[in-house]
Structure formats: C-alpha cells, structure tokens
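User: Hi! I am new to reading protein models. Could you walk me through a few features of this one?

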Amino acid sequence: MRANGIDIDFIAGRVANLLEIPEEVVWQEGKSQHLVQARSLLCFRAVRELGENMTSLARRLNISTVAVSKSVTRGTEIAKREGLKLVETP
C-alpha cells in the first residue's frame with residue numbers, strides 16, 4: 001500500500017469520508033461515538049494494512065499503546081460489521 005502512495009493521512013481522509021465527518025475530527029481527542037469509531041477504523045488499517053507502529057500511532061493520537069491495540073480490535077469488528085472498504089488500491 002505504501003508503494004501506491006497510501007499513508008496514514010490518506011487513510012484518515014478515507015475514514016472521514018466514509019463517516020461523513022471532517023478529517024480533523026479523526027485526529028481529535030475525546031470519546032464521542034463518531035470519534036471512537038473513526039479512530040478505531042484508522043488504527044485498524046494503519047496497523048494491519050500499513051504496518052504502522054502502535055507506539056508511534058499512539059503518540060500521534062495522544063492515546064496509550066493499549067488504547068491503540070483496543071482500537072485495532074474494535075476497528076476490525078466495525079469494518080466487518082459495516083462492510084466498510086477503507087482502501088481501494090489503484
């Protein structure tokens with residue numbers, strides 16, 4: 001995916017588009033339902049698809065590494081349940 005120019009910012013934009021929220025909301029702190037869903041999907045794809053390091057992602061989101069790990073699990077469930085395809089390779 002990285003070879004195709006897909007990075008974490010691309011995924012954040014795609015998540016925002018799918019959830020119909022502004023992209024900056026994906027990076028905000030908080031526990032609202034839309035925010036948690038957005039960050040979960042971001043963490044899922046960033047870690048599982050891009051191989052992003054959980055520690056660096058935790059720093060960028062200003063959350064703990066444990067929270068990133070839980071978000072990955074939650075994001076996996078959300079993507080499956082909703083049938084969301086976050087990344088379409090060119």
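Analyst: Let's start with helix length: at 1.5 Å a residue, the 16 residues of α3 should span 22 Å, and its end C-alpha atoms are 22 Å apart, which agrees. The expected span is 1.5 Å times one less than the number of residues. Helices here are DSSP runs (H or I, at least four residues), numbered from the N terminus. This is a predicted model, where local features need pLDDT of at least 70, side-chain atom pairs count only at pLDDT 80 or more, and totals for chains, interfaces and linings use all residues. Residues are numbered from 1 along each chain as its sequence is written, and side-chain values use heavy atoms, with hydrogens and water left out.

User: How do α3 and α4 cross?

Analyst: Axes are lines fitted to C-alpha atoms, for helices over the stretch in contact, and angles run from 0 to 180 degrees between N-to-C directions. The axes of α3 (residues 33–48) and α4 (residues 54–61) come within 11 Å and cross at roughly 150 degrees. Angles over 145 degrees count as roughly antiparallel, and α3 and α4 are therefore roughly antiparallel to each other.

User: Which residues make that contact?

Analyst: Contact means heavy atoms within 4.5 Å. From α3 come R39, L42, C43, A46 and V47, and from α4 come M54, L57 and L61. By class, this contact has seven nonpolar, no polar and one charged residues. Here Ala, Val, Leu, Ile, Met, Phe, Trp, Tyr, Cys and Pro count as nonpolar, Asp, Glu, Lys and Arg as charged, and the others, Gly among them, as polar.

User: What is the phi of E20, and where does E20 lie?

Analyst: Most residues other than glycine have a negative phi. E20 is not a glycine, yet its phi is positive, about 55 degrees. This residue lies in the loop between α1 and α2 and counts as exposed at 74% relative accessibility.

User: And what about N62: is it buried or exposed?

Analyst: N62 is exposed, with a relative accessible area of 52%. It lies in the loop between α4 and α5, and its phi is near 60 degrees, a positive value in a residue other than glycine.

Technical notes
Helices (H or I, at least four residues) and strands (E, at least two) are DSSP runs, numbered from the N terminus. Angles under 35 degrees count as roughly parallel, over 145 as roughly antiparallel, 65 to 115 as roughly perpendicular and the rest as oblique. Buried means under 20% relative accessible area, exposed over 50%, partly exposed in between (1.4 Å probe, protein chains only).
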